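Here are my notes for a colleague who is opening this entry without having seen it before. Please read the points with the structure at hand.

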Amino acid sequence: MLNTDQTALDRVALRYAPHEHRPLQGYATALAAFGGLAATLTAAARLTGRPMPERPALTDVALISIATHKLSRLLAKGAVTSPLRAPLTRYTGPAGAAEINEEVRDEGSTVRHSLGELITCPFCLGVWVATGLTGGLVLAPRLTRLAATALTATAVSDFLQLAYDAMKKAPDAAE
């Protein structure tokens, strides 16, 4: 039965992208894992009796948004977090401002490939990070706000560092 399912999925993948390898089985596994994360957070909230907010405060939305941006970029592009990505990626060069470029290793399983794509894409990771931080607001709001504040402060600092660097270079560009 498993071989039949695998063959059917392979046929779907071939029809979906006949001229390019797309790891649909790996993507399906990632989707299932995300569903599991959301279900686990929901179950934990219910088991602990934590109420779900009817409408999150705008300050929490802003805090979580900026923290999500920072943590997603740090996980997906940071040089210091490259050991986390190394089993699934290959270093290709610097990307500026403490970030690096990597390519997904295409050997191995479709799950490995899709995980490599996920952990090198700050946009893709953003959904996971935002879900985790939002769940954290329900399950451990004080700790989550504290961690999100540190990430937000770091993101604002990054933008200020880049703005400062740009202002230092501006007189050189005028000459």
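1. Helices (H or I, at least four residues) and strands (E, at least two) are DSSP runs, numbered from the N terminus. With that convention, E117 falls in helix α5, residues 110-119. This is a predicted model, in which local features need pLDDT of at least 70 and side-chain atom pairs count only at pLDDT 80 or more, while totals for chains, interfaces and linings use all residues. Residues are numbered from 1 along each chain as its sequence is written, and side-chain values use heavy atoms, with hydrogens and water left out.

2. Around E117, the contacts (heavy atoms within 4.5 Å) include R22, P23, Y27 and V104, not counting residues up to four places away in sequence. E117 is partly exposed at 22% relative accessible area, where buried means under 20%, exposed over 50% and partly exposed in between (1.4 Å probe, protein chains only).

3. R22 forms a salt bridge with E117, the closest N and O atoms being 3.6 Å apart; the term requires a side-chain nitrogen of Lys or Arg within 4 Å of a carboxyl oxygen of Asp or Glu. Because R22 lies in the loop between α1 (2-16) and α2 (24-48) and E117 in helix α5, the pair ties together parts that are 95 residues apart in sequence. E20, R22 and E117 are linked in a network of salt bridges.

4. The whole structure holds eight salt bridges, and one of them joins R73 to E99, with 2.7 Å between the closest N and O atoms. This pair links distant parts of the chain, since R73 is in helix α3 and E99 in strand β2 (residues 99-104), 26 residues apart. In another salt bridge, the side chains of E103 and R90 meet at 3.6 Å, N to O, and here strand β2, with E103, is linked to strand β1 (residues 89-96), with R90.

5. Which residues does S72 touch, not counting those up to four places away in sequence? They are P122, L125, G126 and V129. S72 belongs to helix α3 (residues 58-77) and counts as buried because its relative accessibility is 2%. A polar atom of the S72 side chain lies 2.7 Å from the backbone oxygen of T68.

6. A search of the whole structure finds zero disulfides, a disulfide being a pair of cysteine sulfur atoms within 2.5 Å. C121 is buried at 18% relative accessibility, whereas C124 is partly exposed, with a relative accessible area of 35%.

Notes
Polar contact = N/O pair within 3.5 Å; in protein donor to acceptor, adjacent residues only side chain to side chain.
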